[in-house]
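Me: Hi! Could you walk me through this one while I have it open?

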Amino acid sequence: MDIDGKEDSIEELKGLRITPLDDDDDDDDEEIAVDDDEDDDEEEEEAVILGFVEKPQHSWSVLRQQFPSKAGGVPAWLDAYNLPSGMSCVCDICGQPLQFVLQVYAPLVEKDSTFHRTLFVFMCLSMKCLQRDQHEQWKRHPEKQSRSVKVFRCQLPRANTFYSNEPPKGNATDKPLTPGGRAMVELIKMERLYATAMSSLAAGFILSLIGIAFLQSLCSQAPLCNWCGTWKGDKFCSSCKIARYCSQKHQAMHWHSGHKLECQQLRLSPQSSDCNACDGGITEIRAQKVASKTLWPEYEIKNEHESDYDTEMSGDDGHTNNSLVSRNRIDDSMKSLMDNFEGDADKKSWASFQERIANSPEQVLRYCRSASSKPLWPMSGGRPSKADIARCSYCGGLLCFEFQILPQLLYYFGVKDEDHSLDWATIVVYTCEASCEGIGYKEEFAWVQLSPSTNFP
């Protein structure tokens, strides 16, 4: 993606205004009325931005200092140090670490604190968990929901400790601010010492803990898991004290997939790892090799206005010709889902959905954050009422619709169309209307609508 196009995409997202939702709470406890014609008329007035995936032209174009919108691979964390941790990183149903789906760079111009703002989506790879998630998302406060799809929001002011005040040049010379590069190297050494001496009760070892805390405060990027490259690697391999993991499950997977053989070599030459960190600082640590082979392929997300894809667009458009998945394949696959629907309401809703995306069937994301914006629902059933959309768990404010992920993304990820394969009709993301402030990452709300064939009987 050329930098001019990327700057235009950022400006498009910055230009989307945020205003309060309607204050009409009379029907809070009622299901949203299904009136496709009325919904379409209202939604067509909104400036919808579509997201399309394309292979990165350069490896640097999806690094965090470029503020990318991307799908697959590993996340380009905005705040690279204060990452989500603990139970936030795992599926609440099966306990497995979540896999990165996509991220959307969506700054807001209303406040300085949202000068940089990115939304991250993660999910469990198990379709059984996603089906269970369908029941959990209907639970209302104070019942606790167990989710397999999670969304995190991170935002930073223009002046911050991670990035320059100046916009990126859009080339390989762009670097994040790295005042903690040397600190990171020393932190790694100190943490290894701590891991080795855990059995020691010497009082003087407390000084090491103090030193670790001080060095952590200087570092601008957390070391990541060697297996998934996604979550913070706060656990060490007990043997080599070099490989890092986000969980015991990923440590075990890495061990059985080859680390067992690598471990001895690392123990014999620990200085080689230190040298790599010394030479490249935290930039090299960020670009560490990821051992997992189950990550989805990495793409950039290119933004286009939906209004540009009108009925006069021909099938010879350059974007269509460069597609990684043929338009016919998507059309045929989407139409085949019609056989799963029962009743006129679902068929009408699906027909409206198909008609709306027909001019740009390769879209994987629809973005529109404004007062009256609504998701484009593929089905009439399984839609939340206003009361089903929880309030912000941090400030107590309302949540508003921001974007939705379409099932076309699964084709680009290479997910097979099999009985137990991951599938969805749409994933709708709601975020804090006020985009409330705070350090690190705040969890937002995702609503998943499954097609009838993947729902529980």
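**The sheet and its neighbours**

Reply: Happy to. This is a predicted model, and it has an open sheet of 11 strands in the order E12-E5-E4-E3-E2-E8-E1-E9-E10-E11-E13, with antiparallel pairing.

Me: Which are the edge strands?

Reply: Those are E12 (442-443) and E13, each of which pairs on one side only.

Me: And which helix packs on the sheet, and what does it touch?

Reply: That's H3, which touches E4, E5 and E13. The direction of H3 makes about 110 degrees with that of E13.

Me: Which residues are buried in H3?

Reply: Met127, Cys129, Leu130, Gln131, Asp133, Gln134 and Glu136. As a set, the buried residues of H3 pack against E4 (116-123), E5 (149-156) and E13 (445-449).

Me: What caps the N-terminal end of H3?

Reply: Ser126 does: one of its side-chain oxygens lies 3.2 Å from the backbone nitrogen of Lys128.

Me: How is E10 joined to E9?

Reply: Three bridges link E10 to E9 (residues 365-367), and the two strands run antiparallel. If you want a pair to click on, Tyr367 has Phe403 in E10 as its bridge partner.

Me: And how many bridges on the E11 side?

Reply: Six, again in the antiparallel sense, between E10 and E11 (residues 426-432). Here you can look at Leu399, whose bridge partner in E11 is Cys432.

Me: Change of topic: which residues does the MYND-type annotation cover?

Reply: The UniProt record, an unreviewed entry, places "domain: MYND-type" at residues 225-263.

Me: What does the chain look like over residues 225-263, in helix and strand?

Reply: It is 41% helix and 10% strand there, and the end C-alpha atoms of the stretch are 15 Å apart.

Me: Great. One recap on H3, please: which strands do its buried residues pack against?

Reply: They pack against E4, E5 and E13. E13 is also one of the edge strands of the sheet, while E4 and E5 are paired with each other over eight bridges.

Definitions and conventions
Residues are numbered from 1 along each chain as its sequence is written. This is a predicted model: local features need pLDDT of at least 70, side-chain atom pairs count only at pLDDT 80 or more; totals for chains, interfaces and linings use all residues. Side-chain values use heavy atoms; hydrogens and water are left out. Buried means under 20% relative accessible area, exposed over 50%, partly exposed in between (1.4 Å probe, protein chains only). Helices (H or I, at least four residues) and strands (E, at least two) are DSSP runs, numbered from the N terminus. Contact means heavy atoms within 4.5 Å. A polar contact is a pair of N or O atoms within 3.5 Å; within protein, one must be able to donate a hydrogen and the other to accept it, and residues adjacent in sequence count only if both atoms are side-chain atoms. UniProt positions are given in the numbering used here, feature names are shortened, and annotations may be inferred rather than shown by experiment. Two strands pair if DSSP finds at least two bridges between them. Axes are lines fitted to C-alpha atoms, for helices over the stretch in contact, and angles run from 0 to 180 degrees between N-to-C directions.
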